[in-house]
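This briefing covers side-chain contacts and strand pairing. Please keep the sequence and the 3D view open while reading.

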Amino acid sequence: MHTTRRRSTTTPSRRALPGRSIARGLAVLVVPAALALGLAACVPDSAPAPSATVSEAPTPTETPTPTPTAVAGALNPEGTAADNKAFFDSTNQALIAANPAAGGVDFTSNLRTNGFDIAAMQVTPDITTVGVAADSIQFSVRWGADCLIGQYGHGVYTSSVMPALGTGSCLVGQTRAIDW
């Protein structure tokens, strides 16, 4: 005859391991002590002594506002796109310093003011097809067989000199008419 042992349906109680209860006890003591020490490090050692002298308020000085045309260098009409990249960058960076929220009209107008040919420019829209501000815009100036291409978005400006596309344009995708 075969007898089977019946298993208990109640769960056995967990036995506390000796090392575990010591670790829990230490954690209860060490964690609050570490927190207290950490917070104590945030409090200054002593309060500053009150000053007996009275100082006059500084007189405000007027900060000059940079102008978009305050750029380094000059346009070199006989030079290559690479020769004019530093001036292109300087022109765009001066605009950004004066107007961090500059858009396509601002960039192309400022480039034209500094001697670049508006007829050779392209610019991407400032507003997306769903009606929100574009994350970044691109603008370009065709210079012979090459293009000066700038991009501005999230406060970051980058540029490059690239060969013109087979279509004769500089930018891929939808651009807007420059009618200003």
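Which residue in S3 does phenylalanine 139 stand opposite? Phenylalanine 139 stands opposite glycine 150. The model is predicted, so local features need pLDDT of at least 70 and side-chain atom pairs count only at pLDDT 80 or more, while totals for chains, interfaces and linings use all residues. Residues are numbered from 1 along each chain as its sequence is written, and side-chain values use heavy atoms, with hydrogens and water left out.

**Strands**

- Strands (E, at least two residues) and helices (H or I, at least four) are DSSP runs, numbered from the N terminus.
- Two strands pair if DSSP finds at least two bridges between them.
- S1 and S2 run antiparallel and are joined by 3 bridges; glutamine 122 has serine 140 in S2 as its bridge partner.
- S2 and S3 are also paired in the antiparallel sense, over 8 bridges.
- The hairpin of S2 and S3 has 2 residues between the strands, and glycine 144 takes a positive phi near 65 degrees there.

**Aromatic pairs**

- The whole structure holds 7 aromatic pairs, counted where ring centres of Phe, Tyr and Trp (its six-membered ring) lie within 6.5 Å; planes under 30 degrees apart are stacked, over 60 edge-to-face and the rest tilted.
- Phenylalanine 87 and phenylalanine 116 are stacked, at 5.7 Å centre to centre with 20 degrees between the planes.
- Phenylalanine 87 lies in helix H2 (residues 81-98) and phenylalanine 116 in the loop between helix H3 (104-113) and strand S1 (121-123), so this pair ties together parts 29 residues apart in sequence.
- Buried means under 20% relative accessible area, exposed over 50% and partly exposed in between (1.4 Å probe, protein chains only); phenylalanine 87 is buried at 7%, and phenylalanine 116 is buried at 2%.
- Phenylalanine 107 and phenylalanine 139 form a stacked pair, with 4.3 Å centre to centre and 15 degrees between the planes.
- Because phenylalanine 107 lies in helix H3 and phenylalanine 139 in strand S2 (residues 136-143), the pair ties together parts 32 residues apart in sequence.
- Phenylalanine 107 is buried at 0%, and phenylalanine 139 is buried at 0%.
- Ring pairs link Phe87, Phe88, Phe107, Phe116, Phe139, Trp143, Tyr152 and Tyr157 into a cluster.

**Nonpolar cores**

- A nonpolar core is a set of buried Ala, Val, Leu, Ile, Met, Phe, Trp, Tyr and Cys residues joined through side-chain atoms within 4.5 Å.
- The largest core has 19 residues, of which Phe88, Phe107, Leu111, Phe116, Phe139 and Val141 touch the most other members.
- Two or more residues of this core come from each of H2, H3, S1, S2 and strand S3 (146-153), with the largest share, 5 residues, from H2.
- Another core, of 5 residues, lies apart from it and includes Cys147, Ile149, Ala164 and Leu171.

**Salt bridges**

- The search finds 2 salt bridges, each a side-chain nitrogen of Lys or Arg within 4 Å of a carboxyl oxygen of Asp or Glu.
- Lysine 85 bridges to aspartate 89, with the closest N and O atoms 2.9 Å apart; both lie in helix H2, 4 residues apart, about one turn of the helix.
- Lysine 85 is partly exposed at 24%, whereas aspartate 89 is buried at 12%.
- Arginine 176 bridges to aspartate 126, with the closest N and O atoms 3.1 Å apart.
- Arginine 176 lies in the segment after strand S4 (156-163) and aspartate 126 in the loop between S1 and S2, so the pair ties together parts 50 residues apart in sequence.
- Arginine 176 is partly exposed at 26%, and aspartate 126 is partly exposed at 23%.
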